[in-house]
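Please walk me through this structure.

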Amino acid sequence: MLSRRTFIKAGLLGGIALGAGGVWYGATRESAPAGHLPGSTRAMFAAITPVILAGSLDEGNGPVERVVDGVERAVAGLSAAAQSELGELFGLLGFYPARLLLTGIGDWRLATRAEIEAFLDGWRLHRIALMQGAYAALHDLVLGAWYAQPESWETIGYPGPPEVK
Amino acid sequence: MTIRDPMGDGIAAGWKVLDASLPDAPRALEADVVIVGSGAGGGIAAEILTAAGLEVILVEEGPLKSTRDFRMREAEAYPHLYQESAARKTRDKAINILQGRCVGGSTTVNWASSFRTPASTLAFWRERFGLADYTPEALQPWFEMVERRLNIGPWQRAPNTNNTLMRTGATTLGIPVGEIRRNVRDCWNLGYCGMGCPTGAKQSMLVTTIPSALGRGAMLIHRLRAERLVTAGTRIDALECVAMEADGVHPRPIRWTLRARHFVLAAGAIGTPALLLRSKLPDPHGLTGARTFLHPTVVAAGRFAKAVHGHAGAPQSLYSDHFLEQLPIDGPLGFKLEVPPLHPVLFSTTLQGFGDEHAASMREFTHTHAQLALLRDGFHPQSHGGRVALRADGTPLLDYPLNEPIWEAAARALLAMAEIQFAAGALSVQAVHEQCRGYTSWPQAKEGIARLPMKPLLTRVVSAHVMGGAAMGASEATGLTAPDGTLRGVDNVSVFDGSVFPTSIGANPQLSVYAVAARNASILTSRMTGKPAPPLA
């Protein structure tokens, strides 16, 4: 695991990299059909979803896939400007050198829960607003995609909308 | 039980309603008046203008969804009915803004809370902005007219538990609580006002003024983005529009040109200034988009032994103005206390943290009571609000720096809410802040909240009220618009939405928008027809 000091340093550099994300993005963008996320972005969400939803999501890949599908739909409904900003963030998180620098994670599929928690917590309380904003986007997308789904409602006792007729 | 869907019924009967995402050819249309935006201001103006016999075209960027489309599901409501999928953010992303974008605008998705403009706000407008005619007495007939039209009155049912808990705690502490009036008729008390009323009980523009205007021959064009006003000398000759794709996100390469004798802007306090900026109209004092206010709102959640079911029942029925009235209006920011409905997506994304900690809070979902403190911005000498600017693609972006007067009030508000929640019997309280782990007693909360750093993106700040950016004022230096809402510097444009307010309202703004729009649309109507304007139905 990264030491706190290394992380802060990486974060600082990362913040600069994120600011210049447009340039990086051009070099790193993977193409995906309209309304879909590139494979590397889906892999990132598949890795962070069980961590963000720990304690709520059952073990197993089924719900994770459905959350990632929900994230994909949510992103497609955002403004063009927000989609473009997220595209830059996803591009960086899908690009090995940038990802390693920003998150300390080499491969999403091999990352441990502790590594992902450390990366999320680091961004959450980061002193660079851009990183905090990026954390907030991941937070809102994953939680929103899960709690939009009826299968999540029973975990919190929400009965769902009443019937109107 | 009654279900009303006048839009669905009227379209079946042949009303002129066009969906701009469908036709593949450019269009040119003409009317007496083109209204941009179908929310509170545009809806009221459409009814008054058409009642006087004027031909009206109503333009809406969002989609037409009506009673039978509303299924009370957040996954559908936010992308369909809200600006930027309910994720519209200020420039630094520190404030999330809930604002409608659909036929009916924010009236389709608001929580039905109806307050007249506070007398203290109007006094400030008269004193600082020269709006001499804006007295409670002079506005009273306009308030009465829209209240009658929209059935605004006392809430007839018992407040839900979520609201009642605020009253219990406040009363214990000697803090007065009032009852909120609501614009509903035969309300089912379901609690889903924010996702579009599934019974047509909420008297939004969707079931009142827009159907009445369409019934008199007005045309509604939805999924059409108003891009630019085109000038010819000192007059506006046309409104250039661009059709939107059905996804509501991407513009299509199909342009519409709308001509009219007069143009009414009612695209909301971000949309209207943005349209003016894109149109590059004269603005010698740089007022377009300036002083945009949000009632920046902070949130506290309390957990109770008994079930609260904050998703069910009228979302807002009680409020407290105690903390608005304690200090001078231009002193440290006062705040209004209210209660929000709790639905899974809105609540889970607002709540800080992730993983086990977040999941533990969510397991208490049905036992959670939340409070909101709406900070009254725009009165304190250092509360300048934000400024609307344009992104490279022409869409608006609000820059709203959260400064010291806001943070000072935010900390006071979090304390006030926590104290009320503990007084109501909360087992624990969470200030919605990234560094708050929750408190189990009032003394612990008092100490803990005082130590929370009040900073952007750490303290959760949200908004559902956007006001200002095209303020009315007696002089050219203070008002982009005149006291009757006409835009200075051109001959034939009026602004009839919340962007004309020179400060925030200090209360949920829908009734202020309705009344000021009714007043100013009536002045315009009589100017255009030479006869007194007819009252609202």
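Asp121(A) and Arg124(A) sit 3 residues apart in helix H7 (residues 113-124) of chain A, about one turn of the helix. Their side chains meet in a salt bridge, with N to O at 3.4 Å. This is a predicted model.

Other pairs link separate elements. Arg42(A) and Glu65(A) form a salt bridge of 3.3 Å, N to O. Arg42(A) belongs to helix H3 (residues 39-52) of chain A and Glu65(A) to helix H4 (residues 61-77) of chain A, so the pair ties together parts 23 residues apart in sequence. Glu65(A) is partly exposed, because its relative accessible area is 40%.

In chain B, Glu240(B) pairs with Arg228(B) in a salt bridge whose closest N and O atoms are 3.4 Å apart. Here two strands are involved. Glu240(B) lies in strand S12 (residues 235-244) and Arg228(B) in strand S11 (residues 224-232), both of chain B, so the bridge ties together parts that are 12 residues apart in sequence. Glu240(B) is partly exposed at a relative accessible area of 22%. Arg228(B), at 35% relative accessibility, also counts as partly exposed. Back in chain A, salt bridges with shared partners join Arg42(A), Glu65(A), Asp69(A) and Glu72(A) into one network. Over all chains, the structure holds 36 salt bridges.

Now the nonpolar interior. In soluble globular proteins, nonpolar side chains tend to be buried together. The largest nonpolar core here has 154 residues. Phe45(A), Ile48(A), Phe90(A), Trp123(A), Leu138(A) and Leu239(B) have the most contacts inside that core. Take Phe45(A). Beyond its neighbours within four places in sequence, Phe45(A) is in contact with Leu37(A), Val68(A), Val71(A), Phe90(A), Leu138(A), Leu141(A) and Val142(A). A second, separate core has 52 residues, including Val298(B), Phe335(B), Ile406(B) and Ala426(B).

Buried positions can be polar too. Thr503(B) is in the loop between strand S24 (493-495) and helix H15 (510-529) of chain B. With 0% relative accessibility, Thr503(B) counts as buried. Its side chain makes a polar contact of 2.8 Å with the side chain of Trp125(B). Leaving out residues up to four places away in sequence, Thr503(B) also touches others, among them Phe124(B), Arg291(B), Asp377(B) and Met467(B).

How do the two chains meet? Chain B gives 45 residues to the contact and chain A gives 40 residues. The area buried between them is about 3300 Å², with carbon and sulfur atoms giving 64%. On the chain B side, Val249(B), Phe354(B) and Leu457(B) lose the most area to chain A, together 19% of what that side buries.

Lys93(B) forms a salt bridge with Glu85(A), the closest N and O atoms being 2.8 Å apart. In total, 10 residue pairs are in polar contact between the chains. H12(B) supplies the largest share, 7 residues. That side of chain B divides into 19 nonpolar, 13 polar and 13 charged residues.

Definitions and conventions: Residues are numbered from 1 along each chain as its sequence is written. Chains are lettered from A and ligands numbered from 1 in the order in which they are written. This is a predicted model: local features need pLDDT of at least 70, side-chain atom pairs count only at pLDDT 80 or more; totals for chains, interfaces and linings use all residues. Side-chain values use heavy atoms; hydrogens and water are left out. A nonpolar core is a set of buried Ala, Val, Leu, Ile, Met, Phe, Trp, Tyr and Cys residues joined through side-chain atoms within 4.5 Å. Buried means under 20% relative accessible area, exposed over 50%, partly exposed in between (1.4 Å probe, protein chains only). Contact means heavy atoms within 4.5 Å. Helices (H or I, at least four residues) and strands (E, at least two) are DSSP runs, numbered from the N terminus. A polar contact is a pair of N or O atoms within 3.5 Å; within protein, one must be able to donate a hydrogen and the other to accept it, and residues adjacent in sequence count only if both atoms are side-chain atoms. Buried area is the accessible area (1.4 Å probe) that two parts lose on being put together, summed over both. A salt bridge is a side-chain nitrogen of Lys or Arg within 4 Å of a carboxyl oxygen of Asp or Glu. Ala, Val, Leu, Ile, Met, Phe, Trp, Tyr, Cys and Pro count as nonpolar, Asp, Glu, Lys and Arg as charged, and the others, Gly among them, as polar.
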